[in-house]
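Here are a few friendly notes to read alongside the model. Please keep the structure open as you go through the points.

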Amino acid sequence: MSVTVSAFCMIHCRRLSSTTGPGVKRVLFHDPHTIRKHAQIGITNAYVVSLNKAVSIDTQAIQQEKLKSYIYLSAQPFNEQENLATGLTYKARRELHKAARRFLEVSSRILLRPLDGDKYSTKMCFLLSALHSSRTTRLSAVQELAQNHHWQDYQYQTAAQAVDQRTAVGLARTPQVDLRFFLSPPVLPGMEDGLSIEDGLRQLLASLPQSEVDQCVQYFTSLALRETTQAMAAQRGGLWCFGGNGLPYAQSLTSVPSEKVESFCLQALVQHSKVQSHCDHIVSNGGLQLLQRVYQLRHDSQKIQRNIVRIIGNLALNESTHQAIVQSGWLSVLAEVMQSPHVMQASHAARALANLDRETVKEKYQDGVYVLHPQCRTSQPIKADVLFIHGLLGAAFKTWRQKDCDLAENEMAAGASEDYTQCWPKSWLASDCPNLRILSVEYDTHLSDWRARCPAENQRMSLAHRSRELLQKLKSAGVGDRPVVWVAHSMGGLLVKKMLLDALKDPEMKELTRNTKGVMFYSVPHRGTFMAEYSVNVRYLLFPSVEVRELCRDSPALRNLNESFVNMAKEREFKVLSFAETMPTTIGPMIKIQVVPAQSADLGIGEIIQVDVDHLNICKPEKKDSFLYKRSLQFIQDE
């Protein structure tokens with residue numbers, strides 16, 4: 001129930017008396033000493049009168065301390081359409097806060113101390129007085145409150161019910177906050193008779209508009225909307241209508257378990273949640289509660305849970321959805337995932353919470369843009385941005401992991417792997433340069449159209465399309481407002497060059513090129529790669545994708561891109577550092593090639609360093625004191 005209990009959290013009650021119908025109780029104060037003391041100055045009477053006028057509530061008295069009772073509100077099933085009818089309005093809650101604050105201020109002046117001398121009461125007094133104060137005071141109150149790690153359960157529950165939405169979001173974005181500060185998700189309403197979760201997901205998809213969505217959204221939606229899993233398996237041959245590109249799905253639909261169906265539905269919902277006008281439809285049609293149910297059911301599937309948090313992060317881009325997200329219990333989920341040791345899970349949650357935090361974050365992080373540091377609220381001033389752009393078959397996290405190594409059992413036992421990092425920019429670079437904002441960008445790439453997740457995807461894989469798409473996302477994230485250093489691997493370097501050239505032509509993005517201080521390239525094929533010419537391995541290159549075709553050696557497009565970028569870099573005085581691989585890379589069971597020869601990795605300006613690793617490991621330092629990391633760190637720090 002969305003009810004403020006800050007007025008009650010400081011007042012100890014001896015008993016509760018029922019003054020209305022069954023199940024409805026009003027708060028009466030029966031401590032004779034307290035009543036006599038405050039009756040003389042008329043404070044308690046005025047406060048109780050205003051409180052009784054404001055609210056009648058369901059309460060549950062729980063014995064937590066000897067001779068003391070504290071009041072809690074029982075969780076009620078959340079129904080968005082009845083929100084205004086079942087809870088206090090925002091205006092009423094504010095009036096209740098004001099009444100509580102006036103009461104506390106007057107009583108503190110008269111008694112020369114808080115109502116209760118213990119630290120808990122002091123903290124809560126401070127919080128209540130700060131809820132509607134200046135921004136600086138509010139932020140200090142949240143930080144002060146979050147530092148409490150030794151309260152008892154009832155104290156955290158009282159605080160959880162007392163705080164408003166922006167305070168709760170601030171707590172969720174505080175490092176290592178106690179998770180008891182957050183109310184558990186409301187009890188979910190029961191599913192209709194005979195309706196499974198996958199049926200519920202299909203109904204939600206069917207209720208969404210098909211306007212403003214591309215062919216891939218339509219593809220995933222139509223795939224997910226098949227009537228039954230058996231029908232999907234029986235009709236898997238229909239996927240050939242997409243020109244054979246549905247082969248991976250046809251192979252996987254022999255049995256079609258429920259989890260697979262849910263994955264299809266969630267992939268479609270991810271795409272729908274990118275469309276602003278569809279977000280309100282998802283919320284109003286019960287999508288938040290349905291996603292909560294799937295999240296709880298699939299607790300053993302990181303991929304499904306990650307896609308759900310990704311959807312929440314997309315919905316949070318629209319402030320009209322914030323109240324519904326908080327009231328449907330997602331804050332407690334996101335706060336918990338933020339503390340996950342898994343980098344991908346934590347980073348998806350960090351993005352969602354940053355989009356919810358409109359008090360300290362002005363930027364908005366679109367789908368595929370992840371903040372690696374800082375993921376929590378911080379008082380550390382940010383001096384520059386570092387952007388990591390992966391390459392062909394890469395990803396926002398796995399590309400930048402530490403180099404994989406096989407450790408002997410005795411080394412494992414000795415803890416040699418304890419320092420292994422799943423993402424060195426988040427672990428090492430953030431530690432060495434805490435005043436940087438570190439972003440990683442993700443986009444889909446494929447060696448072959450056979451491997452594309454969506455048959456229509458190959459139509460939008462060109463560098464030009466990617467550049468336009470990512471520039472808009474980076475602009476939304478505030479990239480260009482401060483100094484920028486780019487770090488790119490493989491084809492990601494070509495994308496960086498294209499984006500900077502496109503930004504130079506766009507009046508709204510010129511600050512991006514003006515603030516670019518340096519670019520670091522890891523085995524970027526400035527002059528193309530042999531890889532595009534290999535077609536013997538049909539698994540990967542029977543139908544080379546657009547990305548691979550654009551990487552052909554000495555292609556006119558690559559030559560023009562390189563010449564234009566070099567001219568701009570010289571004019572703008574960009575600092576450039578390039579790393580080149582010297583060892584061959586194994587591709588499939590039959591091919592070993594040097595993917596990007598040293599002459600192709602040489603931009604023609606700046607320093608180039610050859611490293612004895614293959615193409616995949618050129619951007620994966622073996623350890624923190626390795627030459628590859630130390631030289632990369634020096635370049636970033638110098639800029």
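1. A salt bridge here is a side-chain nitrogen of Lys or Arg within 4 Å of a carboxyl oxygen of Asp or Glu. Please bear in mind that this is a predicted model. By this rule the count comes to 21 salt bridges.

2. Next, look at Asp-357 and Arg-173, a salt bridge with its closest N and O atoms 2.8 Å apart. This pair joins distant parts of the chain, 184 residues apart: Asp-357 lies in the loop between helix 19 and strand 3, and Arg-173 in the loop between helix 8 and helix 9. Asp-357 and Arg-173 are both buried. They also belong to a salt-bridge network with Arg-138, Glu-359 and Arg-377.

3. Helix 23 covers residues 491-505 and reaches 22 Å from its first C-alpha to its last, close to the expected 21 Å. Because twelve of its 15 residues are buried, helix 23 is largely enclosed by the rest of the structure. Among the buried ones are Met-491, Leu-495 and Ala-503.

4. The side chains of Lys-498 and Asp-502 meet in a salt bridge at 3.4 Å, N to O.

Conventions:
Residues numbered from 1 in each chain as written. Predicted model: local features only at pLDDT ≥ 70, side-chain atom pairs only at ≥ 80, totals over all residues. Heavy atoms only, no water. Helix = DSSP H or I, 4+ residues; strand = E, 2+ residues; numbered from the N terminus. Expected span 1.5 Å × (residues − 1). Buried < 20%, exposed > 50% of the residue type's maximum accessible area, 1.4 Å probe, protein only.
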